[in-house]
Amino acid sequence: MANRNLKINIFRYNPAEPEKKPSMASYPFEELPGLTMFTVLNRIREELDRTLVFDFVCRAAICGSCAMIINGKPRLACKTLTKGLPKEITLLPLPVFKLIGDLSVDTGTWFRHISLKTEAWIHTSAKFDPTAVEERMDNETALRIYEPERCIECGCCIAGCATANIRDDFMGAATINRVARFMVDPRDERTPGQYFDVIGCDEGTFGCMGLMACDNNCPMEIPLQYQLAYVRRKMAAFGLGGWKGTGRTGEPQHHRAGRSAS
Amino acid sequence: MQVQRSIARNQRMELFLDMAELVSGLLLVGFLWTHMIFVGTIIINPNLFNALAAGLDRYYLSYIGIPFIIVIFFSHLVIAGRRIPTRFQEQKIMWRHASMLGERDTWTWVFQAVTGMAILVLASIHMWVVIENWPISAVFSALRVQRYLWLYLVLLFVGEFHAGTGLYRLFVKWGWFKRQSVFHVIETITVLIVVMGLGALWVFLRLGVRVV
């Protein structure tokens, strides 16, 4: 069978040259077996247009750098085969994130901000002893932590989220998923109230309208609907007084949300 | 940090509003489906319809239920409506985003916002004309359907779409069941109710012809 002749339309704009209006450029491309969008972009840059800007590092769906809108859907370029796409392929940069140029956006600053805002690290008073035997964890808990941990922070869920597209402060599925990861981790000593402070709000779990574009488009196929619903239920249970504790010690009985815990 | 935002911050209120959205939505779907089944009794027999209406009236259920539902109806408008973007730019982003993604759940949300506004107008007219010609009876209803047929046709479709989609989204957000199964169950119920509603409208139309 003869190889298809593809037409690749790419969004072109350099914020550093505002006098040049945003435009779409078209490149012809002969399809090869097993061709990914990652290869297409690299060959276009090498052979057709050296000014094309896009991100990639690992080419194996690990780094999350090459996320972009491919024919309307947020996808990783390295994980998207041309085979499943029509002959005409349109590439746009991810919305929500700051545009660097053409298909390149700054997801790093966004994710760092969110990490700091939700304090996305283990909060523990235990002193680390490098000589001690590692603490054990049951397999079920380990798997429940591992599932959200697979997030590569590519930004596809954020770009696909209608709420994140119109509300600048909405934290989105990647963030809520990340908080869920700490909520199930027995090493994290944060109280339900402290999680409520972080995520039990309109910018967090209560801002989600359930449009599920995050769940539909996650390249890592993390069960985001489940993660979002889990956090929403936990936060509602705490807010309504039903989630008193998790068996951890030193937990205040009546933590008032929105005020500092004394 | 912005002082005004920190002072006005109330996360428990944000939770309360989310819960109020859930509860008011559930109550309205429950009401709408019950209401449609009650209306559907006209298909079986006008006397059954009359007896049901008279029964609800006699035991004051109409006088408790109707004001209650009106309050819930307008509360839901305010509570669920707070999610609707108000600025033109935001509305344009929503529309472009839905077109770009081409996903069912994003599009249905856009149509929910639109049908919500349509329901506000149409259901208000419906409530007004029903209460104005109290009590409810097959003859009055038949005359009403004959006069406002287009209103009822549109209201049936937008109402059921809005309620079904809203209920689906509640289940999605709270994650009690698998979302595809929930979708198919609600879709089936919605189609059945729309068919029943169309049947009821047809019976009312024919009754109307006989009465006039």
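Colleague: How do you know that the span of helix α9 of chain A agrees with its number of residues?

Modeller: This is a predicted model, so the check is on computed coordinates. Helix α9 of chain A covers residues 224–239, which is 16 residues. At 1.5 Å a residue it should span 22 Å. Its end C-alpha atoms are 22 Å apart, so the two values agree.

Colleague: What makes α9(A) mostly covered?

Modeller: Of its 16 residues, 12 are buried. Buried means under 20% relative accessible area. Among the buried residues are A:Leu224, A:Leu228, A:Tyr230, A:Arg232 and A:Phe238.

Colleague: Which charged end sits over the ring of A:Tyr230?

Modeller: That of A:Arg144, 5.0 Å from the ring centre. The cut-off is 6 Å, so the distance qualifies. Chain A also has A:Arg45 over the face of A:Phe54, at 4.1 Å from the ring centre.

Colleague: What makes β3(A) and β4(A) a hairpin?

Modeller: The strands run antiparallel and 4 bridges join them. Pairing needs at least two bridges, so they pair. There are 2 residues between the strands. In the turn, A:Asn71 has a positive phi of about 45°. A:Ile70 has A:Lys73 as its bridge partner in β4(A).

Colleague: How do you know that the side chains alternate along β4(A)?

Modeller: A:Pro74 and A:Leu76 point to one face and are buried.

Colleague: Now chain B. Why is the pair of B:Tyr60 and B:Tyr63 called tilted?

Modeller: The structure holds 18 aromatic pairs over all chains. In the pair of B:Tyr60 and B:Tyr63, the rings are 6.0 Å centre to centre, with 55° between the planes. Stacked needs under 30 degrees and edge-to-face over 60, so 55° counts as tilted.

Colleague: Why is B:Tyr60 called exposed, and B:Tyr63 partly exposed?

Modeller: Exposed means over 50%. B:Tyr60 has 54% relative accessibility, so it counts as exposed. B:Tyr63 has 39%, so it counts as partly exposed.

Colleague: What makes the pair of B:Trp174 and B:Trp176 stacked?

Modeller: The ring centres are 6.1 Å apart, within the 6.5 Å limit. The planes are at 15°, under the 30 degrees cut-off, so the pair is stacked.

Colleague: Are B:Trp174 and B:Trp176 buried or partly exposed?

Modeller: B:Trp174 has 5% relative accessibility, so it counts as buried. B:Trp176 has 43%, so it counts as partly exposed.

Colleague: Which residues form one aromatic cluster with them?

Modeller: B:Phe171 and B:Phe177 form one cluster with B:Trp174 and B:Trp176.

Notes:
Residues numbered from 1 in each chain as written. Chains lettered and ligands numbered in written order. Predicted model: local features only at pLDDT ≥ 70, side-chain atom pairs only at ≥ 80, totals over all residues. Heavy atoms only, no water. Expected span 1.5 Å × (residues − 1). Buried < 20%, exposed > 50% of the residue type's maximum accessible area, 1.4 Å probe, protein only. Lys NZ or Arg CZ within 6 Å of the ring centre and 35° of its normal.
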